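Here is a friendly walk through one model. Keep the sequence and the 3D view open as you read.

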Amino acid sequence: MGLSQRATDSAPSVVRRKRQKKTAMSVFSPPQSCHSVEFSLISDPTAVQLARRLVVEWFRHWSLDEALIEDARLVASEIVTNAIKAKGPTVRMRIRWTPPHAYIEVYDQDPNPPVRQAADPSATGGRGLLLVEAYARRWNHYPAETAKVVWAEF
Ligand SMILES: Nc1ncnc2c1ncn2[C@@H]1O[C@H](COP(=O)(O)OP(=O)(O)OP(=O)(O)O)[C@@H](O)[C@H]1O
Ligand SMILES: [Mg+2]
């Protein structure tokens, strides 16, 4: 039993009620019917951590398999990092659950396509898309009004 749990157990009931209310307001509880969500991400490395957390929360909300969620977390990391490194100030991410598959789609404003590099043990970079290919069911890109979308399917 952790310290905070012990403190809560001995707290007067009125304090306990207040704590419960605060927790309930901050909990992630979107409507069940929500199967597609979109986020604007700032073009900054902190966005990568946020993107990972969003993917995990939403995929768990849709009761997807934990092993699949772990794969999706890694893929989101790579695709969003690439989008942030690409040209253009805007990065948007859409997460979709279209049974039986879930999708991560990342929009950026660089018209250049992602190019998977050949596996080279001596290279210091160029592994991101190799990981995407290994952990996503499928992935690809297409042009969009904002320049392009890179997507991955799970
Ligand atoms: N969203 C993108 N927009 C434009 N070019 C991209 C994008 N994603 C990837 N690329 C191109 O594809 C190449 C390969 O991407 P990959 O993620 O495999 O490697 P990297 O980003 O160069 O290195 P690493 O991911 O290992 O840090 C990149 O170097 C870049 O030229
Ligand atoms: Mg990369």
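## Confidence

What pLDDT does the protein average? The average is 86, and 82% of the residues score at least 70; pLDDT is the predictor's confidence in each residue, from 0 to 100. Over residues 1–11 the pLDDT is below 50. Beyond near neighbours in sequence, that stretch has 4 contacts in the model, a contact being two residues whose C-beta atoms, placed from the backbone, lie within 7 Å.

This is a predicted model: local features need pLDDT of at least 70, side-chain atom pairs count only at pLDDT 80 or more, and totals for chains, interfaces and linings use all residues. Residues are numbered from 1 along each chain as its sequence is written, while chains are lettered from A and ligands numbered from 1 in the order in which they are written.

## Two packed helices

Helix H3 (residues 46–61) and helix H4 (residues 66–85) pack at an angle of about 145 degrees, with axes 9 Å apart. Helices here are DSSP runs (H or I, at least four residues), numbered from the N terminus. Axes are lines fitted to C-alpha atoms over the stretch in contact, and angles run from 0 to 180 degrees between N-to-C directions.

Among the residues making this contact are Val48, Val55 and Phe59 of H3 and Ile69, Ala76 and Val80 of H4. By class, the contact has 11 nonpolar, 2 polar and 3 charged residues. Ala, Val, Leu, Ile, Met, Phe, Trp, Tyr, Cys and Pro count as nonpolar, Asp, Glu, Lys and Arg as charged, and the others, Gly among them, as polar.

## Around ligand 1

Ligand 1 is surrounded by 16 residues, with C-beta atoms, placed from the backbone, within 6 Å of it. The closest are Asn82, Pro114, Gly125, Gly128 and Leu129. H4 gives the most to this shell, with 3 residues, and helix H5 (128–135) supplies at least two. The shell has 6 nonpolar, 6 polar and 4 charged residues.
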